[in-house]
Amino acid sequence: MLNKKIQDTINTQINAETYSAYLYLSMSAYFESINLKGFANWMRVQAQEELVHAMKFYDYVNGRGGRVVLRMVEGPPSEWNSPLAALEHTYRHEQKVTGMIYNLVNLAIEERDHATHSFLQWFISEQVEEEASANEILQKLKLLGDAPGGLFMLDRDLATRE
Ligand code: FEO
């Protein structure tokens, strides 16, 4: 049986992961609107990954005999000033999600919930990857500066993500 505090915090995390999916899908639409189809593809795949994260938490709560409670998902922004601004937002957002996962880990330790602690290890590693991949694109964009040729090459690269 899942302790109530942990259950509530995981339900908040399900909301945050779903919001992440919404945020990246909105970024995908933004990139479509400025004709950067590769960036749009990368964000769309990212949105799908976020739904997978949400469902992992969803299945975990059910598997432990807890109760999933879905809450209202906030609307994400729909415009960014530049690809750089969108990627800065992505990187900041992933750092925020990492902080939420760490808080959950701390709670699992406080509540001596070893099963939840063990379950969360996957998310700790996943967040390292999530931050690294967002930061990699961000750093490339910073290097490109105002060179449009580089931006199109990066866009072609990002089109290959599946
Ligand atoms: Fe589910 Fe990008 O963290």
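A: Helices (H or I, at least four residues) and strands (E, at least two) are DSSP runs, numbered from the N terminus. By that reading, Q7 has its place in helix α1, which covers residues 4-33. The structure is a predicted model, in which local features need pLDDT of at least 70 and side-chain atom pairs count only at pLDDT 80 or more, while totals for chains, interfaces and linings use all residues. Residues are numbered from 1 along each chain as its sequence is written, and side-chain values use heavy atoms, with hydrogens and water left out.

Q7 counts as buried because its relative accessibility is 12%, where buried means under 20% relative accessible area, exposed over 50% and partly exposed in between, with a 1.4 Å probe and protein chains only. Once neighbours within four places in sequence are set aside, Q7 is in contact (heavy atoms within 4.5 Å) with L2, G66 and R67.

As for the whole, the protein has five helices and zero strands, in the order α-α-α-α-α along the sequence. The C-alpha trace spans about 55 × 25 × 25 Å along its principal axes, and 43% of the 162 residues count as buried. Of the contacts between residues at least 6 apart in sequence, 81% join residues at least 24 apart.

Aromatic rings supply some specific examples. Rings of Phe, Tyr and Trp (its six-membered ring) pair if their centres lie within 6.5 Å, and planes under 30 degrees apart count as stacked, over 60 as edge-to-face and the rest as tilted; by this rule there are eight aromatic pairs. One of them joins F31 and F39, which are stacked at 4.9 Å centre to centre with 25° between the planes, and both of these residues are buried. Another stacked pair is formed by Y60 and F119, at 4.0 Å centre to centre and 10° between the planes. Because Y60 lies in helix α2 and F119 in helix α4 (residues 114-144), this pair ties together parts that are 59 residues apart in sequence.
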